[in-house]
Amino acid sequence: MKSKLLLGLFIVVICVALVGCGKTNSNKEIVGKWKNDTTIEGYEFIYTFNEDGTGEYDAAGTIMKFKYTIDGNKISFEYTDEDMATFDTTFSIEGDTLNVKDSNNDDTLYEKVE
C-alpha cells in the first residue's frame, strides 16, 4: 500500500514539473534560414542561424556575421565582422514564423525558407 502511495505521489510530482516547465526556445528550433516578410520591394532581409551558434544577417545585400546565444526567449547577437555593440532582444517561434523584437521593441516577422 505504501509503495502505491509513493508511486502515485511520484507521478503527480512529475506531471506538475512537466506542466510548470512550459515551452522554451532552443538553438535547434531557430537553426535555418528565415526571410523577412518586408514591404520594401526589391530588398530582402534574411537571418541564417547555424547549429554551432554562428550565423549571418543579410540586410538587403549587406552581410553581417554574428555569434548568438539563447536563454529561454532571449537571444543575444554578437556581431563579429562589424563594429557593433552586442544586441540583446526577445524572440518567439510559432510554426514556420520567427518573431524577433527590433531595437524599438517592435515585432519583426520572418518566415522559414530552409
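## Confidence in the model

pLDDT is the predictor's confidence in each residue, on a scale from 0 to 100. The structure above is a predicted model, and its protein chain has an average pLDDT of 78. Of the residues, 75% score at least 70.

One stretch calls for a careful eye. Over residues 1–24 the pLDDT stays under 50, and for this stretch the model has four contacts beyond four places in sequence.

Let's start with a lysine. K35 sits in strand β1, which covers residues 32–36.

Which residues does K35 touch, once its neighbours within four places in sequence are set aside? The contacts are E44, F45, I46, L109, Y110, E111 and V113. With E44, the side chain of K35 also makes a polar contact of 2.9 Å. T97 is 62 residues away from K35 in sequence, yet the two C-alpha atoms are 9.5 Å apart in space.

## Aromatic pairs

Now for the rings. A pair of aromatic rings is described by how far apart the centres are and by the angle between the planes. The model has 13 aromatic pairs. In one of them, Y47 and Y57, the ring centres are 4.3 Å apart and the planes meet at 40°. Y47 belongs to strand β2 (residues 45–49) and Y57 to strand β3 (residues 54–59); ten residues separate them, and the pair links distant parts of the chain. Y47 has 5% relative accessibility and so counts as buried. Y57 is buried too, with a relative accessible area of 12%.

Another tilted pair is F49 with F77, at 6.2 Å centre to centre and 45° between the planes. Here the link runs from F49 in strand β2 to F77 in strand β5 (residues 74–79), 28 residues apart. What is the relative accessible area of F49? It is 2%, so F49 is buried. F77, at 0% relative accessibility, likewise counts as buried.

Notes:
Residues numbered from 1 in each chain as written. Predicted model: local features only at pLDDT ≥ 70, side-chain atom pairs only at ≥ 80, totals over all residues. Heavy atoms only, no water. Helix = DSSP H or I, 4+ residues; strand = E, 2+ residues; numbered from the N terminus. Contact = heavy atoms within 4.5 Å. Polar contact = N/O pair within 3.5 Å; in protein donor to acceptor, adjacent residues only side chain to side chain. Phe/Tyr/Trp six-rings, centres within 6.5 Å; stacked < 30°, edge-to-face > 60°. Buried < 20%, exposed > 50% of the residue type's maximum accessible area, 1.4 Å probe, protein only.
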